[in-house]
Amino acid sequence: MKNIHKPLRPLFVIFTVVYIFTSCEKTKTTSAEYNVDLNASGPFFQGGNSFIADFKPDLSKISSETAIANENLKSIGIKKAIVTLNPNDSISFEMFNSATLQLVSDNIAMQSIAVLNPISTSENQIELTVSNEVELLDFFKEEVFTVLLDLDFAEDDYKDDMNVELKLELNIDYKTK
Amino acid sequence: MNSLKITLVIALTSIFSFGALAQVEGDKLIGVWEPSHGKAKVKIEKIGNKYYGKIVWLKEPNDPETGNPKVDKNNPDESMTSTPLRGYRILKDFEYTDKNTWSEGTIYDPENGSTYSSTIKMKDDNTLDIRGYIGVSALGRTDVWKRLQMPSKKK
(Lines give C-alpha, C1' and ligand atoms only; values in the text may rest on other atoms or scores of the structure.)
Protein backbone atom coordinates (compact mmCIF):
# COMPACT_ATOMS: atom_id res chain seq x y z
CA MET A 1 0.00 0.00 0.00
CA LYS A 2 2.93 2.30 0.70
CA ASN A 3 3.85 2.33 -2.97
CA ILE A 4 0.38 3.42 -4.05
CA HIS A 5 -0.02 7.12 -4.56
CA LYS A 6 -2.25 8.57 -1.80
CA PRO A 7 -5.21 9.76 -3.91
CA LEU A 8 -5.42 6.35 -5.59
CA ARG A 9 -5.68 4.38 -2.35
CA PRO A 10 -9.51 4.55 -1.99
CA LEU A 11 -9.87 3.42 -5.59
CA PHE A 12 -7.53 0.51 -5.00
CA VAL A 13 -9.49 -0.55 -1.91
CA ILE A 14 -12.83 -0.37 -3.76
CA PHE A 15 -11.42 -2.32 -6.70
CA THR A 16 -10.04 -5.01 -4.39
CA VAL A 17 -13.33 -5.38 -2.48
CA VAL A 18 -15.35 -5.60 -5.71
CA TYR A 19 -12.89 -8.13 -7.15
CA ILE A 20 -13.07 -10.35 -4.05
CA PHE A 21 -16.88 -10.08 -3.98
CA THR A 22 -17.37 -10.96 -7.64
CA SER A 23 -14.80 -13.73 -7.65
CA CYS A 24 -16.81 -15.50 -4.92
CA GLU A 25 -19.86 -15.72 -7.21
CA LYS A 26 -20.52 -18.87 -9.17
CA THR A 27 -22.70 -19.41 -12.20
CA LYS A 28 -25.17 -22.28 -12.29
CA THR A 29 -27.43 -23.46 -15.10
CA THR A 30 -30.98 -24.72 -14.95
CA SER A 31 -33.67 -25.22 -17.56
CA ALA A 32 -37.32 -24.31 -18.08
CA GLU A 33 -40.02 -25.31 -20.55
CA TYR A 34 -42.78 -23.21 -22.06
CA ASN A 35 -45.61 -24.20 -24.39
CA VAL A 36 -46.98 -21.57 -26.73
CA ASP A 37 -50.01 -21.86 -29.04
CA LEU A 38 -49.40 -20.03 -32.30
CA ASN A 39 -52.24 -19.07 -34.63
CA ALA A 40 -52.58 -17.94 -38.24
CA SER A 41 -55.56 -16.92 -40.31
CA GLY A 42 -56.03 -18.28 -43.82
CA PRO A 43 -56.21 -18.53 -46.69
CA PHE A 44 -52.54 -19.39 -46.91
CA PHE A 45 -50.55 -18.68 -50.04
CA GLN A 46 -47.42 -20.38 -51.29
CA GLY A 47 -44.40 -18.96 -49.43
CA GLY A 48 -43.98 -17.71 -45.90
CA ASN A 49 -47.05 -17.41 -43.67
CA SER A 50 -46.74 -16.17 -40.09
CA PHE A 51 -48.08 -17.96 -37.02
CA ILE A 52 -48.19 -15.51 -34.13
CA ALA A 53 -48.77 -15.45 -30.37
CA ASP A 54 -48.32 -12.82 -27.71
CA PHE A 55 -46.44 -14.36 -24.83
CA LYS A 56 -46.35 -13.08 -21.26
CA PRO A 57 -43.11 -14.38 -19.79
CA ASP A 58 -43.39 -15.65 -16.25
CA LEU A 59 -39.90 -15.14 -14.93
CA SER A 60 -41.10 -15.52 -11.35
CA LYS A 61 -42.14 -19.08 -12.17
CA ILE A 62 -38.56 -19.98 -13.06
CA SER A 63 -37.30 -18.08 -10.04
CA SER A 64 -39.58 -19.61 -7.44
CA GLU A 65 -39.02 -23.14 -8.71
CA THR A 66 -35.28 -22.86 -8.56
CA ALA A 67 -34.94 -20.19 -5.90
CA ILE A 68 -33.33 -17.68 -8.23
CA ALA A 69 -33.85 -14.00 -7.57
CA ASN A 70 -34.58 -12.10 -10.78
CA GLU A 71 -31.55 -9.89 -10.31
CA ASN A 72 -29.35 -12.99 -10.23
CA LEU A 73 -30.38 -14.17 -13.68
CA LYS A 74 -27.39 -13.84 -16.00
CA SER A 75 -28.56 -15.15 -19.32
CA ILE A 76 -31.28 -17.16 -21.03
CA GLY A 77 -30.44 -19.21 -24.10
CA ILE A 78 -32.51 -21.54 -26.21
CA LYS A 79 -31.91 -25.28 -25.94
CA LYS A 80 -34.76 -26.81 -27.96
CA ALA A 81 -37.64 -25.61 -30.12
CA ILE A 82 -40.21 -28.22 -31.14
CA VAL A 83 -43.21 -27.45 -33.32
CA THR A 84 -46.24 -29.76 -33.37
CA LEU A 85 -49.13 -29.48 -35.82
CA ASN A 86 -52.66 -29.64 -34.51
CA PRO A 87 -53.82 -33.28 -34.93
CA ASN A 88 -57.33 -32.02 -35.76
CA ASP A 89 -55.97 -30.35 -38.92
CA SER A 90 -55.00 -33.79 -40.35
CA ILE A 91 -51.88 -32.41 -42.03
CA SER A 92 -48.18 -33.18 -41.87
CA PHE A 93 -45.00 -31.19 -42.30
CA GLU A 94 -44.78 -32.45 -45.90
CA MET A 95 -46.73 -29.36 -46.92
CA PHE A 96 -44.01 -26.97 -45.64
CA ASN A 97 -40.54 -26.24 -47.04
CA SER A 98 -39.02 -24.52 -44.02
CA ALA A 99 -39.71 -23.01 -40.61
CA THR A 100 -38.14 -19.94 -38.98
CA LEU A 101 -38.80 -18.85 -35.41
CA GLN A 102 -38.44 -15.24 -34.28
CA LEU A 103 -39.12 -13.11 -31.21
CA VAL A 104 -39.95 -9.41 -31.12
CA SER A 105 -41.32 -6.87 -28.65
CA ASP A 106 -42.14 -3.17 -28.59
CA ASN A 107 -38.73 -2.44 -27.03
CA ILE A 108 -36.49 -5.13 -28.50
CA ALA A 109 -35.55 -5.68 -32.12
CA MET A 110 -36.71 -8.84 -33.87
CA GLN A 111 -34.36 -11.79 -33.43
CA SER A 112 -34.29 -15.10 -35.28
CA ILE A 113 -33.79 -17.85 -32.73
CA ALA A 114 -34.32 -21.14 -34.59
CA VAL A 115 -34.71 -22.51 -38.10
CA LEU A 116 -35.30 -25.74 -40.00
CA ASN A 117 -34.56 -25.76 -43.72
CA PRO A 118 -35.41 -27.91 -45.53
CA ILE A 119 -38.18 -29.77 -43.73
CA SER A 120 -37.98 -33.39 -44.76
CA THR A 121 -40.48 -35.32 -42.70
CA SER A 122 -44.03 -36.52 -43.12
CA GLU A 123 -44.59 -36.51 -39.36
CA ASN A 124 -46.58 -33.82 -37.55
CA GLN A 125 -43.68 -32.70 -35.36
CA ILE A 126 -40.31 -31.06 -36.12
CA GLU A 127 -37.37 -29.93 -34.03
CA LEU A 128 -35.75 -26.70 -35.22
CA THR A 129 -32.02 -25.97 -35.17
CA VAL A 130 -31.58 -23.35 -32.45
CA SER A 131 -29.22 -20.39 -32.46
CA ASN A 132 -26.17 -20.84 -30.24
CA GLU A 133 -25.64 -17.10 -29.89
CA VAL A 134 -29.06 -15.68 -29.11
CA GLU A 135 -29.64 -14.01 -25.70
CA LEU A 136 -33.28 -14.02 -24.51
CA LEU A 137 -32.94 -12.44 -21.06
CA ASP A 138 -34.19 -9.02 -22.19
CA PHE A 139 -37.31 -10.59 -23.75
CA PHE A 140 -38.12 -12.27 -20.43
CA LYS A 141 -37.89 -8.91 -18.68
CA GLU A 142 -40.63 -7.53 -20.96
CA GLU A 143 -44.27 -7.58 -19.90
CA VAL A 144 -45.18 -9.23 -23.19
CA PHE A 145 -43.38 -10.23 -26.37
CA THR A 146 -44.45 -11.70 -29.69
CA VAL A 147 -43.49 -15.17 -30.89
CA LEU A 148 -43.50 -15.45 -34.66
CA LEU A 149 -43.16 -18.71 -36.59
CA ASP A 150 -42.84 -18.40 -40.37
CA LEU A 151 -43.88 -21.59 -42.12
CA ASP A 152 -43.05 -21.71 -45.82
CA PHE A 153 -46.02 -23.30 -47.56
CA ALA A 154 -45.11 -25.41 -50.60
CA GLU A 155 -48.54 -24.70 -52.16
CA ASP A 156 -51.60 -22.55 -51.57
CA ASP A 157 -53.90 -23.85 -48.84
CA TYR A 158 -57.38 -22.50 -48.36
CA LYS A 159 -57.94 -23.33 -44.72
CA ASP A 160 -59.54 -20.61 -42.60
CA ASP A 161 -57.35 -20.87 -39.52
CA MET A 162 -54.53 -23.04 -38.31
CA ASN A 163 -52.74 -23.38 -35.03
CA VAL A 164 -49.53 -25.10 -34.01
CA GLU A 165 -47.93 -25.75 -30.65
CA LEU A 166 -44.41 -24.58 -29.89
CA LYS A 167 -42.44 -26.13 -27.07
CA LEU A 168 -39.48 -24.02 -26.00
CA GLU A 169 -36.79 -25.42 -23.76
CA LEU A 170 -34.52 -22.79 -22.28
CA ASN A 171 -31.13 -22.78 -20.56
CA ILE A 172 -30.96 -20.32 -17.69
CA ASP A 173 -27.66 -19.17 -16.20
CA TYR A 174 -27.82 -17.54 -12.79
CA LYS A 175 -25.46 -16.27 -10.16
CA THR A 176 -25.06 -18.02 -6.85
CA LYS A 177 -22.64 -17.70 -3.93
CA MET B 1 -66.81 25.27 -16.03
CA ASN B 2 -68.61 24.35 -19.26
CA SER B 3 -65.93 25.96 -21.39
CA LEU B 4 -63.30 23.97 -19.50
CA LYS B 5 -65.16 20.74 -20.28
CA ILE B 6 -65.47 21.67 -23.94
CA THR B 7 -61.75 22.51 -24.12
CA LEU B 8 -60.90 19.16 -22.49
CA VAL B 9 -63.13 17.23 -24.91
CA ILE B 10 -61.61 19.03 -27.89
CA ALA B 11 -58.09 18.37 -26.59
CA LEU B 12 -58.76 14.65 -26.04
CA THR B 13 -60.48 14.28 -29.42
CA SER B 14 -57.51 15.96 -31.10
CA ILE B 15 -55.03 13.65 -29.39
CA PHE B 16 -56.93 10.50 -30.41
CA SER B 17 -57.50 11.80 -33.96
CA PHE B 18 -53.80 12.56 -34.32
CA GLY B 19 -52.89 9.05 -33.12
CA ALA B 20 -55.29 7.44 -35.59
CA LEU B 21 -54.04 9.70 -38.39
CA ALA B 22 -50.41 8.82 -37.61
CA GLN B 23 -51.31 5.11 -37.80
CA VAL B 24 -53.01 5.55 -41.18
CA GLU B 25 -50.06 7.61 -42.45
CA GLY B 26 -47.60 4.94 -41.24
CA ASP B 27 -49.51 2.15 -42.97
CA LYS B 28 -48.82 3.77 -46.36
CA LEU B 29 -45.55 1.82 -46.25
CA ILE B 30 -47.37 -1.51 -46.44
CA GLY B 31 -47.07 -3.14 -49.85
CA VAL B 32 -44.61 -4.85 -52.17
CA TRP B 33 -41.49 -2.90 -53.16
CA GLU B 34 -38.61 -3.44 -55.57
CA PRO B 35 -35.05 -2.26 -54.79
CA SER B 36 -33.11 -0.50 -57.58
CA HIS B 37 -30.98 -3.60 -58.37
CA GLY B 38 -34.15 -5.49 -59.36
CA LYS B 39 -32.89 -8.76 -57.87
CA ALA B 40 -35.66 -9.06 -55.27
CA LYS B 41 -39.13 -7.93 -54.27
CA VAL B 42 -39.82 -7.08 -50.65
CA LYS B 43 -43.20 -7.16 -48.96
CA ILE B 44 -43.55 -4.66 -46.12
CA GLU B 45 -46.06 -5.58 -43.42
CA LYS B 46 -46.90 -4.43 -39.93
CA ILE B 47 -46.31 -6.57 -36.84
CA GLY B 48 -47.49 -4.92 -33.62
CA ASN B 49 -46.64 -1.24 -34.05
CA LYS B 50 -43.58 -1.74 -36.21
CA TYR B 51 -42.94 -2.39 -39.89
CA TYR B 52 -40.97 -5.30 -41.40
CA GLY B 53 -40.02 -6.17 -44.97
CA LYS B 54 -39.48 -9.73 -46.16
CA ILE B 55 -38.18 -11.04 -49.46
CA VAL B 56 -41.08 -12.57 -51.40
CA TRP B 57 -39.43 -12.93 -54.81
CA LEU B 58 -35.88 -13.45 -56.05
CA LYS B 59 -34.71 -13.01 -59.62
CA GLU B 60 -32.35 -15.95 -59.06
CA PRO B 61 -34.07 -18.07 -56.40
CA ASN B 62 -31.49 -20.87 -56.55
CA ASP B 63 -27.84 -20.81 -55.54
CA PRO B 64 -25.81 -21.44 -58.75
CA GLU B 65 -23.25 -23.45 -56.76
CA THR B 66 -25.70 -25.90 -55.16
CA GLY B 67 -28.79 -25.61 -57.34
CA ASN B 68 -30.86 -25.41 -54.14
CA PRO B 69 -32.97 -22.45 -53.02
CA LYS B 70 -30.75 -19.64 -51.71
CA VAL B 71 -30.08 -19.51 -47.99
CA ASP B 72 -28.61 -16.86 -45.72
CA LYS B 73 -25.09 -18.32 -45.99
CA ASN B 74 -23.41 -15.08 -44.83
CA ASN B 75 -25.33 -14.87 -41.54
CA PRO B 76 -22.77 -14.02 -38.82
CA ASP B 77 -24.57 -16.52 -36.54
CA GLU B 78 -23.36 -19.80 -38.08
CA SER B 79 -26.21 -21.81 -36.57
CA MET B 80 -28.68 -19.74 -38.61
CA THR B 81 -27.02 -19.96 -42.05
CA SER B 82 -29.64 -22.41 -43.34
CA THR B 83 -32.40 -19.79 -43.08
CA PRO B 84 -34.04 -19.49 -46.54
CA LEU B 85 -33.61 -16.12 -48.24
CA ARG B 86 -37.10 -16.20 -49.67
CA GLY B 87 -39.20 -15.10 -46.73
CA TYR B 88 -36.23 -13.49 -44.94
CA ARG B 89 -37.03 -10.21 -43.17
CA ILE B 90 -34.33 -7.82 -44.36
CA LEU B 91 -36.13 -4.71 -43.05
CA LYS B 92 -36.83 -4.81 -39.33
CA ASP B 93 -38.34 -2.73 -36.53
CA PHE B 94 -39.24 0.48 -38.40
CA GLU B 95 -41.44 2.97 -36.55
CA TYR B 96 -43.39 5.76 -38.20
CA THR B 97 -42.12 9.08 -36.93
CA ASP B 98 -43.68 11.82 -39.04
CA LYS B 99 -43.46 13.57 -42.40
CA ASN B 100 -43.46 10.31 -44.39
CA THR B 101 -40.45 8.99 -42.48
CA TRP B 102 -39.93 5.63 -40.77
CA SER B 103 -36.87 5.26 -38.55
CA GLU B 104 -35.27 3.21 -35.74
CA GLY B 105 -35.08 0.24 -38.13
CA THR B 106 -32.37 -1.89 -39.66
CA ILE B 107 -31.65 -3.20 -43.14
CA TYR B 108 -29.78 -6.46 -43.74
CA ASP B 109 -27.59 -7.12 -46.75
CA PRO B 110 -27.59 -10.90 -47.37
CA GLU B 111 -24.70 -10.53 -49.84
CA ASN B 112 -22.25 -9.70 -47.04
CA GLY B 113 -24.18 -10.58 -43.86
CA SER B 114 -24.09 -6.99 -42.56
CA THR B 115 -26.88 -5.17 -40.77
CA TYR B 116 -27.11 -1.39 -41.01
CA SER B 117 -29.16 1.22 -39.19
CA SER B 118 -31.76 2.51 -41.58
CA THR B 119 -34.29 5.25 -42.28
CA ILE B 120 -37.07 5.15 -44.88
CA LYS B 121 -38.44 8.29 -46.49
CA MET B 122 -41.44 8.14 -48.81
CA LYS B 123 -40.84 10.58 -51.68
CA ASP B 124 -44.23 9.89 -53.20
CA ASP B 125 -46.81 7.10 -52.88
CA ASN B 126 -44.73 4.80 -55.10
CA THR B 127 -41.14 5.75 -54.28
CA LEU B 128 -39.03 5.15 -51.19
CA ASP B 129 -35.58 6.43 -50.30
CA ILE B 130 -34.06 3.77 -48.08
CA ARG B 131 -30.88 4.90 -46.36
CA GLY B 132 -28.55 2.43 -44.69
CA TYR B 133 -25.73 3.63 -42.48
CA ILE B 134 -23.33 2.72 -39.71
CA GLY B 135 -23.37 5.10 -36.75
CA VAL B 136 -24.08 8.46 -38.35
CA SER B 137 -26.77 8.85 -41.00
CA ALA B 138 -24.51 11.15 -43.03
CA LEU B 139 -22.12 8.23 -43.59
CA GLY B 140 -24.35 5.91 -45.56
CA ARG B 141 -25.93 5.04 -48.87
CA THR B 142 -29.43 5.61 -50.17
CA ASP B 143 -31.27 3.25 -52.49
CA VAL B 144 -34.50 4.06 -54.33
CA TRP B 145 -37.26 1.44 -54.11
CA LYS B 146 -40.35 1.43 -56.32
CA ARG B 147 -43.77 0.12 -55.32
CA LEU B 148 -44.80 -2.93 -57.31
CA GLN B 149 -47.79 -1.93 -59.41
CA MET B 150 -50.42 -4.64 -59.43
CA PRO B 151 -52.04 -5.11 -62.85
CA SER B 152 -55.54 -3.61 -62.85
CA LYS B 153 -58.40 -6.07 -63.23
CA LYS B 154 -60.13 -6.12 -66.61
CA LYS B 155 -63.85 -5.42 -66.50
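**View 1. B:E34 stands opposite B:K146 in β8(B).** This is a predicted model, in which local features need pLDDT of at least 70, side-chain atom pairs count only at pLDDT 80 or more, and totals for chains, interfaces and linings use all residues. Residues are numbered from 1 along each chain as its sequence is written, chains are lettered from A and ligands numbered from 1 in the order in which they are written, and side-chain values use heavy atoms, with hydrogens and water left out. Here, strand β1 (residues 31-34) of chain B and strand β8 (residues 140-147) of chain B run antiparallel, joined by 2 bridges. Strands are DSSP runs (E, at least two residues) numbered from the N terminus, and two of them pair if DSSP finds at least two bridges between them.

**View 2. Chain B has a closed barrel of 8 strands.** Follow the strands in the order β1-β2-β3-β4-β5-β6-β7-β8, with antiparallel pairing. From one strand to the next, the twist averages 30° (angles run from 0 to 180 degrees between N-to-C directions, with axes fitted to C-alpha atoms).

**View 3. Here are two hairpins that share β6(B).** Strand β5 (residues 101-109) of chain B pairs with strand β6 (residues 114-124) of chain B in the antiparallel sense, over 7 bridges. B:D109 has B:S114 in β6(B) as its bridge partner. There are 4 residues between these strands, and in this hairpin B:G113 takes a positive phi near 75°. On to the next hairpin: β6(B) and strand β7 (residues 127-133) of chain B are antiparallel and pair over 7 bridges, with 2 residues joining them. Look for B:S117, which stands opposite B:Y133 in β7(B).

**View 4. Chain A meets chain B.** The contact (heavy atoms within 4.5 Å) takes 27 residues from chain A and 18 residues from chain B. Between them the chains bury about 1,600 Å², 46% of it on carbon and sulfur atoms; buried area is the accessible area (1.4 Å probe) that two parts lose on being put together, summed over both. In chain A, the residues losing the most area to chain B are A:M110, A:V115 and A:N117, together 29% of what that side buries.

**View 5. A:D150 forms a salt bridge with B:R89.** Their closest N and O atoms are 2.5 Å apart. As for strands, β4(A) gives the most to the side of chain A that touches chain B, with 5 residues.

Key. A salt bridge is a side-chain nitrogen of Lys or Arg within 4 Å of a carboxyl oxygen of Asp or Glu.
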